[in-house]
Amino acid sequence: MDNSELDQMTTSAMTFTAEVTNKWTSRLAGSPACLACADFLEERLSKFCDQVDHQQFFVRPGAFLGYIRINIGLYLLALVALFLGQPLIATLIASLSVLITGMEFFIYKEFVDGLYPKKQGKNVFGRIEPVGEVKQQIIISAHHDSAHIFNFLEQDPSTYVRKVLAGTGTQLGLFVLTWLILILNWAGLGRDIVYWGITIILAVAALNLYPLWFFYDKEGTPGAGDNLVCTALAMEIGKYFAKEKAAGRPLQHTRMVIGSWDAEECGLRGARAFVRKYKTDLTALKTYNFNLECMYDHKALSFLRSDLNNFVPLSLEMAEGGATIAKNLGYEVGVHPFPFLAGGTDAAEFAKAGIEATTLAAMDWENREADTAYHTTRDTIDAVDREAVSRSIAIGVQYVLEKEKAITHGTS
């Protein structure tokens with residue numbers, strides 16, 4: 001692949017992203033727009049893949065961010081219990097709130113999902129088969145749904161971390177202080193002045209929760225950088241190998257899978273549904289998940305070695321191998337853990353199933369600039385870093401070639 005071909009592939013990915021995000025300016029999971037977009041992607045995959053399929057699944061997208069308002073309600077209920085002199089009830093409510101946060105956000109478990117309406121999601125994926133025996137498969141993946149607008153980032157990104165930490169800290173404080181009241185009472189050390197002092201502090205701290213009620217908007221973002229352009233560049237990688245196959249230079253032992261998942265923005269539900277359904281196939285054959293996210297800044301390009309708020313380890317071998325490939329191509333690409341409180345990527349669902357996975361992303365997850373596009377209405381094609389897209393295509397193609405070379409050399 002020479003520079004001219006890489007430039008054409010990059011232009012194709014950028015043009016495709018602009019086309020899709022102009023046609024469906026928001027693609028919230030479960031929405032008609034998101035389902036229509038999936039249909040469109042399936043049709044495009046059919047133009048170069050040997051086999052194309054889709055997976056329909058049910059998702060409850062309201063739960064992933066909806067738990068925030070549930071917790072605010074629980075906080076107020078706990079305060080009422082304290083003012084009524086019921087510290088045990090307040091402690092139980094506070095403990096439930098912490099449990100909900102831990103399950104829904106920190107480890108993305110479907111804990112309160114049953115309280116929200118069910119909607120349909122749709123994953124699409126295509127296969128490019130090798131000409132010889134299939135000995136490994138590489139899944140190049142991204143997601144096509146877009147996120148709800150995060151009002152903190154939309155209006156004042158510089159206060160995002162402070163507001164989130166203040167709200168989270170307030171809820172944690174309720175948990176700690178209600179337990180403290182109980183322990184002091186059980187130890188016979190409880191005093192009215194302590195009890196009412198703590199209760200008043202918690203009542204005042206409730207003001208920190210007010211902004212969280214408006215954390216997200218009901219509308220969705222255009223989702224160009226996060227993450228439609230990644231679906232586009234994954235397709236460009238697939239088209240490259242399809243053309244090579246048509247030209248008589250096929251992969252010998254490596255199956256390519258180009259996947260675009262739905263419902264990533266509501267807790268990785270689409271990737272989870274895919275892994276659940278196809279886990280036997282995914283684990284019966286050596287499988288690698290090369291996931292792509294957030295093409296905003298080529299200077300921040302890095303492979304993740306952990307995911308899901310840093311709770312899920314990813315494949316260090318894949319991450320370091322990808323960084324080495326990037327270096328050989330002349331690109332500076334790091335290997336980093338996923339920051340705590342930053343959320344997660346679809347690679348986590350594959351890693352949890354024992355499948356080697358990593359995510360290549362071009363974003364500084366911790367520093368929110370004043371004009372950040374992430375989860376805002378500014379996430380248009382203009383926010384996408386063309387150089388990040390170009391480098392990611394080159395790295396992805398070379399990664400597949402290196403894996404193919406290794407498996408072929410090992411069997412020669």
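The cut-off for a disulfide here is a pair of cysteine sulfur atoms within 2.5 Å. For Cys49 the closest cysteine sulfur is again in Cys37, 16 Å away, and that is also too far for a bond. The structure holds zero disulfides. Cys34 is buried at 0% relative accessibility, and Cys49 is buried at 10%. Buried means under 20% relative accessible area, exposed means over 50%, and partly exposed is in between, with a 1.4 Å probe and protein chains only.

Some ground rules before I go on. This is a predicted model, in which local features need pLDDT of at least 70 and side-chain atom pairs count only at pLDDT 80 or more, while totals for chains, interfaces and linings use all residues. Residues are numbered from 1 along each chain as its sequence is written, and side-chain values use heavy atoms, with hydrogens and water left out.

Next, the aromatics. The structure holds 28 aromatic pairs. Rings of Phe, Tyr and Trp, the last by its six-membered ring, pair if their centres lie within 6.5 Å; planes under 30 degrees apart count as stacked, over 60 as edge-to-face, and the rest as tilted. Phe16 and Phe40 make a stacked pair, because their ring centres are 5.8 Å apart and their planes are at 10°. Phe16 is in helix α1 (residues 3–23) and Phe40 in helix α2 (residues 32–45), so this pair ties together parts that are 24 residues apart in sequence. Helices are DSSP runs of H or I with at least four residues, strands are runs of E with at least two, and both are numbered from the N terminus. Both Phe16 and Phe40 are buried. Phe152 and Tyr160, by contrast, are edge-to-face, since their planes are at 70° with the centres 6.5 Å apart. Phe152 is buried at 4% relative accessible area, and Tyr160 is buried at 10%.

One aromatic cluster is formed by Phe64, Phe105, Phe106, Tyr108, Phe311 and Phe340. Tyr108 has a further feature: its phi is near 60°, a positive value in a residue other than glycine. Tyr108 sits in the loop between α4 (87–106) and β2 (119–128), and it is buried at 4%. Leu341 also has a positive phi, near 75°. That residue lies in the loop between β11 (334–336) and α12 (347–352) and is partly exposed at 27%. On the backbone there is also a cis peptide bond from Asp226 to Asn227, with omega near 20°. Asn227 is found in helix α9 (residues 224–246). For context, most residues other than glycine have a negative phi, and most peptide bonds are trans.

Two charges sit over rings, by the criterion that NZ of Lys or CZ of Arg is within 6 Å of the ring centre and within 35 degrees of the ring normal. The charged end of Arg69 is 5.8 Å from the centre of the Tyr216 ring. Lys118 lies over the face of Phe58, 5.0 Å from the ring centre.

How many salt bridges does the structure hold? There are 21, each being a side-chain nitrogen of Lys or Arg within 4 Å of a carboxyl oxygen of Asp or Glu. Arg386 pairs with Asp7, their closest N and O atoms being 2.8 Å apart. This pair links distant parts of the chain, with Arg386 in helix α13 (residues 386–411) and Asp7 in helix α1, 379 residues apart. Arg386 is partly exposed at 33%, and Asp7 is partly exposed at 41%.

Lys352 forms a salt bridge with Glu349, with closest N and O atoms 3.1 Å apart. The two are three residues apart in helix α12, so about one helical turn separates them. Lys352 is partly exposed at 39%, whereas Glu349 is buried at 5%. Both belong to a network of salt bridges that also includes Glu104, Glu110, Asp113, Arg269, Arg272 and Arg276.

That is what I have; questions are welcome.
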